[in-house]
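Dear colleague,

I am handing over the structure below, and after it I set out what was found there. Please keep it open beside this email as you read.

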Amino acid sequence: MVGFVQDVTEARQAEEQTRNFAYYDKATHLPNRTSLEQFLSDLFAPPNGVNGQVGVLTIHLTRFREINFTLSHGEGDQLLRAVGARIIETLEGNGFVSCVSNSQFAVAIKGADGGRATETAQKIFAALQTPFLIAGINYGLGAHVGIALAPTHGNDAATILRKSDVALFQAKQSGRACVIYDPARDPYNPQRLALIGEFRKSLLAGELRLYCQPKVDIRSGNIVGAEALVRWEHPSYGLISPDQFVPLIEKTELIHALTQFMLEASIQQCIAWRREGVFLPIAINLSPRNLVEPTLVHNLQHTLSSFGAEPEWLGLEITESSLFVDPQLTIKELNSLSKLGFCLYIDDFGTGYSSLSYLLSLPVNVIKIDHSFTMRMIEDKKAATIVRSTIDLAHNLGLQVVAEGAANKEIWDSLKLLGCDEAQGYYISRALPAQEFLPWMQRSGFGVARTLRSGQSIH
Ligand code: C2E
Ligand code: CA
Ligand code: CA
């Protein structure tokens, strides 16, 4: 009898141990990835499904590998256990904490939306900043966090975990502490791959369209130019706005084909307007990849001359962030472009980098205030301050200012009071199919800066 009881106890212990290995992390004794998957599968399982939202944060400890090299095996585990304990403490019982690999933890929080998940990430960063005392030495740790949200990003365990991992990858790559999953930046997103494949064909199939949005001089009320904006007329999805595909295309070499298409279409449009006696410059958007292309200047010149066009007919809109991909090359290219006579715009001003020193080293002509500030300037005092300060800054540096997002009369009037030079926005007009631009102009009530060949104003 005694022997039998012992046998059963040993078997139970062995079973328990196997279970522990299967579901718990050896070093931290926290649930492992399998347990987390199980936890999420139970949450997502019918009939309950996901009752509300779930946020999954994947946390990668920075510096852990280096620190671990200086510690014994046991001390490394001790540090991981201390990290696990801090994370649990931070969550105050609201979350399932697991250790999914050597220096990686994951937390699932029921009811968490993007805001709450980000707040939790901030708390975790703060908790990790207090040094950990291991073997008499204080170690400070940092972390990157990737966040995926159910049901927005999926409602099964495997998808949410994969997307949280991808967000973590995006955080590490961009050097940001915390990133919420963005399908547009997911290199493994099948929809993204399909769209890129289709875009390749769209170029040949002639599905891209040039749209133009007018820019108006606020003092005179004259139309002084247009911005070239792309639209994709997809045979099954209809008109696709650039926000849905340009960010994807920009990550690939295909952006050169898009820029070339817009360049040629814009030059042709300019020529067509000139034939009608309307001498308006048109500004195209350049992506970061365009600016680090060593052949950019030559290509622009070559394309212009093949149409018999001049650099003064074109503006080039460049975002702040693209200036920093390869600053030396970019400054060189922009200087050449400026000398050739292209008008250079800083696009989305205020949304990229905090340092303004580039304004001193670059031959920029115009600053464009991002619509996120302009559109909020009536109800949000801080946004209004940013708009006002940007106008003053630009003028003090001898630059012109265009405000995007002049969406209504109130905004237009405020911009006028603040001395903003030009406005672009729905109050004036949305982006129009290029061929509708002149008919719109004639009935719009706005004047045109350059007169018709006949010498008459256009309205
Ligand atoms: P962006 O260069 O900042 O262009 C301005 C965007 O703001 C346009 O959106 C325009 O329609 C919109 N906008 C202007 N005024 C208003 C307003 O009053 N209210 C609102 N709600 N929106 C206004 P769109 O055409 O959807 O373009 C979005 C972005 O896509 C552009 O932002 C640009 O970054 C990119 N994009 C568009 N066309 C091209 C292109 O040919 N090449 C490149 N590289 N990027 C492009
Ligand atoms: Ca632009
Ligand atoms: Ca802009």
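How far is an oxygen atom of ligand 1 from an N or O atom in the side chain of Asn 285? The distance is 3.1 Å, which falls under the definition of a polar contact (a pair of N or O atoms within 3.5 Å; within protein, one must be able to donate a hydrogen and the other to accept it, and residues adjacent in sequence count only if both atoms are side-chain atoms). Taken alone, ligand 1 exposes 800 Å², and the protein buries 86% of that (accessible areas come from the Shrake-Rupley method with a 1.4 Å probe, and for residues only the protein chains shown count as cover).

Before going on, please note that this is a predicted model, in which local features need pLDDT of at least 70 and side-chain atom pairs count only at pLDDT 80 or more, while totals for chains, interfaces and linings use all residues. Residues are numbered from 1 along each chain as its sequence is written, chains are lettered from A and ligands numbered from 1 in the order in which they are written, and side-chain values use heavy atoms, with hydrogens and water left out.

Ligand 1 also has an oxygen atom 3.0 Å from an N or O atom in the side chain of Arg 231, and an oxygen atom 3.3 Å from one in the side chain of Asp 348.

Asn 285 also takes part in a metal site, since the calcium ion (ligand 2) is coordinated by Glu 227, Asn 285, Glu 317 and Asp 347 at 2.2 to 2.3 Å (donors are N, O and S atoms within 2.8 Å of the metal, or 3.2 Å for Na, K and Ca; water is not among the atoms, so sites may look incomplete). Asn 285 lies in strand E11 and Asp 347 in strand E13, so the pair ties together parts that are 62 residues apart in sequence (strands, E, are DSSP runs of at least two residues, numbered from the N terminus).

The calcium ion (ligand 3) is coordinated by Asp 347, Asp 348 and Glu 404, at 2.1 to 2.7 Å. Asp 347 bridges this ion and the calcium ion (ligand 2), and the two ions lie 4.1 Å apart.

As for accessibility, Asp 347 is buried at 5% relative accessibility, whereas Asn 285 is partly exposed at 30% and Asp 348 is partly exposed at 24% (buried means under 20% relative accessible area, exposed over 50%, and partly exposed in between, with a 1.4 Å probe and protein chains only).

With kind regards

Terms used. Helix = DSSP H or I, 4+ residues; strand = E, 2+ residues; numbered from the N terminus.
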